[in-house]
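Subject: A structure for you to look at

Hi,

Here is the structure I promised to pass on. Have a look at it first, and then read my notes below.

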Amino acid sequence: MARPGRCAEAVLSWAAHDLEPYAIQRHSRLKIAFVPLLIGSYAPDLMSKWFVYGIHLGGLDLKASDPVQFHRGWPGVGFTHSLLFGVVIALLVWRVFGSKTWAISFLIGQWAHAITDTGDTVGTMLFFPWTVHVHLGAWAYAGQTGRLTDAAAYFSGPGGVWDAVWIVYGIFSWRVLTRSYFEQHVYTADRFWASANRIFPMTALLVLYRTAFFYGTSRWIAWSLWAHVVHHYPYDISWGGPHWVTAAHSPPITWAQGAGMAGIVAAIVAGAYAYRLASRRRGWTASRSET
C-alpha cells in the first residue's frame, strides 16, 4: 500500500454536500433558492478545512495543532457545524439581503451539512453552545491524518457508500438537471437568476446550476479510482470503518445527554408548529377582514 504524501490542498467535503441541495430543492414544500442553499451546504467547512489538513508555504507549515478539536470542537470552529450557527447566519442574510427565501434556503443547506456530519465517529456539536457531540459513528473520522489518508479512508468505508447513495439518487432523479426543470423550478424561485441572465445567457446559467452535481460526482469517481485502482487500499464498509485507519472518536452519548437532545428537538418542532399555526391564523384573520 502506498504511503500518502503531505497534503497541499484543502477541500470542502467529499460528495454529499455537493449533491444534497438538488434533492432538497426538489422535495421541499418550501420556496427554496438554490444558490444560498448550496452556499449553506458548504458553509461549515468553507473557511476552516484547509487548516485541518494543513498547507505548506515555502518553509512554513500551517496546520492546526489538534485538527479534530479545531474542526469539530470548542474551543475551535466546531460551532460552524451547529444548528445555532445556521440560524445566526440566516438572520444576517435576511437582514443584509432582505430576503426571507435566501435566509431559509441557507439555513436548510447548513443544517443538512451539520446533520450529515453526525454520521462519522467524531460527529458535531449540533446543539452548541452545548458542546456534546452528536455522532452515529458510521464511518471513521480521519481528518487529522491528512487529506490523502482521509480520502483513502473515506472512500474505503461507509462514508464512500453514503456518497454513492446520493449519486445513485441523482441518476434516478436526472430530471432535476434538465433545462425545463431549471427554468420552471429553479430560475423562477430566485431573482438571482433573472439578474444574472441580464449578463449571461440561459445556457451559462444552466451550466452553473449543474456544476455542483457533476463536481461532486466526478470527485467521488476520481477519489475512488485513486484509492482502489492506483493505491489498492482495502475496502472495509463495516460500521465505523475502515478500521485500518486511526480514527478519532467522541465519547459515547449518555442516556441523560440523549434525553436532553430529544427535549431540544421536541422544543424546536413544537416552536415550528406553533409558528405555522400562528401564520395560518394571521392569514385567516386577514382574509376575514377583507371580506
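(A salt bridge is a side-chain nitrogen of Lys or Arg within 4 Å of a carboxyl oxygen of Asp or Glu.) Asp117 sits in the loop between helix H6 (100-116) and helix H7 (147-154), while Arg72 belongs to helix H4 (residues 67-72), so the pair ties together parts that are 45 residues apart in sequence. Helices here are DSSP runs of H or I with at least four residues, numbered from the N terminus.

Before going on, please note that this is a predicted model: local features need pLDDT of at least 70, side-chain atom pairs count only at pLDDT 80 or more, and totals for chains, interfaces and linings use all residues. Residues are numbered from 1 along each chain as its sequence is written, and side-chain values use heavy atoms, leaving out hydrogens and water.

Are Asp117 and Arg72 buried or exposed? Asp117 has 9% relative accessibility and counts as buried, and Arg72, at 4%, counts as buried too. (Buried means under 20% relative accessible area, exposed over 50%, and partly exposed in between, with a 1.4 Å probe and protein chains only.) A network of salt bridges links Arg72 and Asp117 with Asp120.

The structure holds 4 salt bridges. One of them joins the side chains of Asp18 and Arg219 (3.4 Å, N to O). Asp18 lies in helix H1 (residues 16-27) and Arg219 in helix H11 (residues 202-230), so this pair connects parts that are 201 residues apart in sequence. Both Asp18 and Arg219 are buried.

Arg179 and Glu183 also form a salt bridge through their side chains, at 2.9 Å from N to O. They are 4 residues apart in helix H9 (residues 179-186), so about one helical turn separates them. Arg179 is partly exposed at 36% relative accessibility, and Glu183 is partly exposed at 31%.

Now for the nonpolar side. The largest nonpolar core has 28 residues, and Tyr22, Phe34 and Tyr209 are among those with the most contacts inside it. (Such a core is a set of buried Ala, Val, Leu, Ile, Met, Phe, Trp, Tyr and Cys residues joined through side-chain atoms within 4.5 Å.) H11 gives the largest share of this core, 6 residues. A second, separate core of 21 residues includes Val52, Val122, Trp223 and Trp226.

Enjoy exploring!

Key:
Helices (H or I, at least four residues) and strands (E, at least two) are DSSP runs, numbered from the N terminus.
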